[in-house]
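Dear colleague,

I am handing over the structure we spoke about, and below it you will find what turned up when I went through it. Please read the notes with the model open beside them.

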Amino acid sequence: MRRVKHFFQRGIAIPALLGAIALIGLFAALGIVDAPPGSRDVANITLEPAQGIFVKDEKFVVRIVVASSIPVNVFGGELAFDQEVLHVESIDYNTSIADLWAEKPWYSNGEGTLNFIGGTTRTGGFTGKDTLLTVTFKPIGEGNGTLTLRGARILEHDGLG
């Protein structure tokens, strides 16, 4: 039995702190919560597990996880994967975080992408750490299958998004 090795890149951390008024306006217009370099992370999206070794044709699960110490309410991004090594089998987006999707999460095994943009209607937004999406993959080839979270964004629940 051959083993397929997969290394997952950590999700892109998106720090969120208040900056200069001009930057706040820019970030609100772009829909991005950001902070100056060297600031502590207060909100991020990561992949769990961060790495693993999986057997060809045996499904495995990756969770897209949001962690935030400030109230946030919108989450988006794209998960890129090697379509020669991995295929998405299913997506579970009925989570405890997002209860409203601008568009249901969608994927293309041909392009090696999975896209999502959703939010929460919770009063006060979301704080803490929990699953946004659960993705079931099936290794279809041999080699390293890297998952990369691109364009990840989290909006602060501040009325400016």
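This is a predicted model: local features need pLDDT of at least 70, side-chain atom pairs count only at pLDDT 80 or more; totals for chains, interfaces and linings use all residues.

Trp101, with a relative accessible area of 15%, is buried. The ring centres of Tyr93 and Trp101 are 5.9 Å apart and their planes stand at 80 degrees, so this pair is edge-to-face.

A search of the whole structure finds 4 aromatic pairs. One of them is the stacked pair of Phe54 and Phe60, with 3.8 Å from centre to centre and 15 degrees between the planes. Both partners are buried, Phe54 at 15% relative accessibility and Phe60 at 5%. Phe54 and Phe60 also belong to one aromatic cluster together with Phe81 and Phe137.

As for the fold, the protein has 1 helix and 9 strands, and from the N terminus on its elements follow the order β-α-β-β-β-β-β-β-β-β. Strand S6, which covers residues 100-108, pairs with strand S7, residues 113-119, in the antiparallel sense over 6 bridges, and Ser108 has Thr113 in S7 as its bridge partner. The two strands S6 and S7 make a hairpin with 4 residues between them, and in its turn Gly112 has a positive phi of about 70 degrees.

Taking the protein as a whole, 43% of its 161 residues count as buried, while the accessible surface comes to about 8,300 Å², 52% of which belongs to carbon and sulfur atoms. Among contacts between residues at least 6 apart in sequence, 79% join residues at least 24 apart.

Definitions and conventions
Residues are numbered from 1 along each chain as its sequence is written. Side-chain values use heavy atoms; hydrogens and water are left out. Two strands pair if DSSP finds at least two bridges between them. Buried means under 20% relative accessible area, exposed over 50%, partly exposed in between (1.4 Å probe, protein chains only). Contact means heavy atoms within 4.5 Å. Accessible areas come from the Shrake-Rupley method with a 1.4 Å probe; for residues, only the protein chains shown count as cover. Rings of Phe, Tyr and Trp (its six-membered ring) pair if their centres lie within 6.5 Å; planes under 30 degrees apart count as stacked, over 60 as edge-to-face and the rest as tilted.
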